[in-house]
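Good morning, and thank you for coming.

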Amino acid sequence: GDLPYSLGVTSVMRVYLPQGFMPMPGCGGEDLYAGRHINRDNVAGERFPSDLEFQNLPPGTYCDIGSEGTENYMELTFDESLDYGFNYAFMFGMMNADVDPPEGTNFFRFETRVGSVILHLQRQVANFDLEVIRSVALTSADTTSASHSGASYNSMRIDLQSDKYIDGGSEIIISAPAGYNFACRGKRTYIFREEDGEDIRRPGQTELCPDQISSAADGQLPACPDTLPSVCLEEIAAPNKITFQLEGGVSLQENTDFAIVVQVVNPEFTPQPNTWRVEIKDPFGSHLDVRDHVQGFDITGKVLTEITPDFAFLGQNNRLSISFVPSTIMNQADDGNELVVNAPRGAGFIFPVNCTSFALRYTSSVFEAQMEAYKHYVFPPAGTACMGFDNSTLVIRFPRGAGLLVSNYTMHVDVINPKAATNATLDGVWSFETRVRNELIYKIVDANRSIGGFEMSELQLEQADSEEGGAPAAASVVAMLVVFLAPW
């Protein structure tokens, strides 16, 4: 029906936006809502049905914005009637939401009003789904806090895949939570493509870079496979933000897996909110793709750890002695305090489900006065559970009401050594974490992800000749074991 206009009575159309969307001041400008471009292909003509002829809104139309409760809206006020049977079109500017609205709520609502009376109402006009960078994954070589790492830079890798074509001159902008500090100058920062979509890190490699990184000098660009020429730009006013600009002539095709390696100093504590943002802009500064609310990682203390093998022979059962000193207490009030040991992934170490030879004890006290207050505390507490999973992970779970003091501990547990030596066996690093895990919380307390491993030998049997006629004597075991341990 018509939307009539009469002197002294206001005729308006309100458009209520989906949750999280914000109309721009002035609705984005009179050129948009007045409809001066609706039939021009170079602006937005392609977005309207080509088989219909559209009318501009009447001259003198005015647009304003407002909110009603939690709903934002834009409102058009008309100085003339809108007639039944005509197709009207207009545009307006709005700021997209950070994320899609909750399921079942991503709709516009249209109303026309004469005075205070609603004349027309159209609910559930479908909105578009927000486009985001298809995948973003964060991997940090060191999650320890600035105080435990000496405020030194560590390598961090951001893996990306966008369904957009990224041309030369485009920018990729990484925004970390407050407290992080990026660096470009004199640091290893670069972009590289994945090789056939596979992870090109060596197992256990903490530099988060292809193989050639180990031979690259500090301050020089590593000779990474298919490294993309780019410029790294810091923002002095925002040290938690860093920009990579692809050089001209360099491009990334749609759905290309690529990664960025940056150098960063971690904050002192886990930031709140702990989310990252990645933006991709074309050479003209327009957004190509974006992903917000990328979950960050917990900032941890350092847990000093040393692993000593008792029987380092391939394919054999091996009793490990793991000495560790956490830097942060595990609060007795937290439910689900756990210790986690991870052998190098892909190396072939197996912690059996039955957790044989498990023992946990105080080694010595770092703070004798503190230990005096707890001299009657039974450790490990009754109900402590050791859990293997027939893979490279071991979990020790304390009962409710039990935690850890800052002290020196030793754990003993069996592991089945790999059957054969590989690069992952020789070069891989072990990790040790203290964490809280329950239905509501998953939090890393302390961590060490650069624990040196040990070399292993084959177990060989040597037949010794007897003194009478060379009859074979009992077999004797001959082997040599060399242990390499990383310093604390």
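Predicted model: local features only at pLDDT ≥ 70, side-chain atom pairs only at ≥ 80, totals over all residues.

Let me begin with a term: a residue is called buried when its relative accessible area is under 20%, exposed when that value is over 50%, and partly exposed in between, using a 1.4 Å probe and protein chains only.

Residues are numbered from 1 along each chain as its sequence is written, and side-chain values use heavy atoms, with hydrogens and water left out.

First, the overall picture. The protein has four helices and 30 strands; these are DSSP runs numbered from the N terminus, with helices being H or I of at least four residues and strands being E of at least two. Of the 488 residues, 43% are buried. Taking contact to mean heavy atoms within 4.5 Å, residues 24 or more positions apart account for 71% of the contacts with a separation of 6 or more.

I turn now to the disulfides, each defined as a pair of cysteine sulfur atoms within 2.5 Å. How many disulfides does this rule give? The count is three, and with bonded cysteines counted along the chain, the pattern is 1-2, 3-4, 5-6.

Cys-27 is joined to Cys-63, with an S to S distance of 1.8 Å. The angle about the S-S bond is -75°, which makes this link left-handed. Cys-27 sits in the loop between strand S2 (22-23) and helix H1 (30-33), and Cys-63 in strand S3 (residues 62-68), so the bond ties together parts that are 36 residues apart in sequence. Cys-27 is buried, at 0% relative accessible area, and Cys-63 is buried as well, at 2%.

In the disulfide of Cys-184 and Cys-232, the sulfur atoms are 1.9 Å apart. Cys-184 belongs to the loop between strand S11 (181-183) and strand S12 (190-193), whereas Cys-232 is in strand S14 (residues 230-234), so parts 48 residues apart in sequence are tied together. This link is left-handed, with -65° about the S-S bond. Cys-184 is buried at 9%, but Cys-232 is partly exposed at 21%.

Cys-355 and Cys-386 also form a disulfide, with sulfur atoms 1.7 Å apart. Here distant parts of the chain are linked: Cys-355 is in the loop between strand S22 (337-342) and strand S23 (359-364), and Cys-386 is in strand S24 (residues 385-388), 31 residues apart. The link is left-handed, with -45° about the S-S bond, and both cysteines are buried.

Strand S24 brings me to the sheet. Six strands form an open sheet of mixed pairing, in the order S19-S28-S27-S22-S25-S24, where two strands pair if DSSP finds at least two bridges between them. Which strands stand at the edges? They are S19 (301-302) and S24, each with a single partner strand, so one side of each has no neighbour in the sheet. S19 pairs with strand S28 (residues 442-451) in the parallel sense over two bridges, and Lys-302 has Ala-447 in S28 as its bridge partner.

Thank you for your attention.
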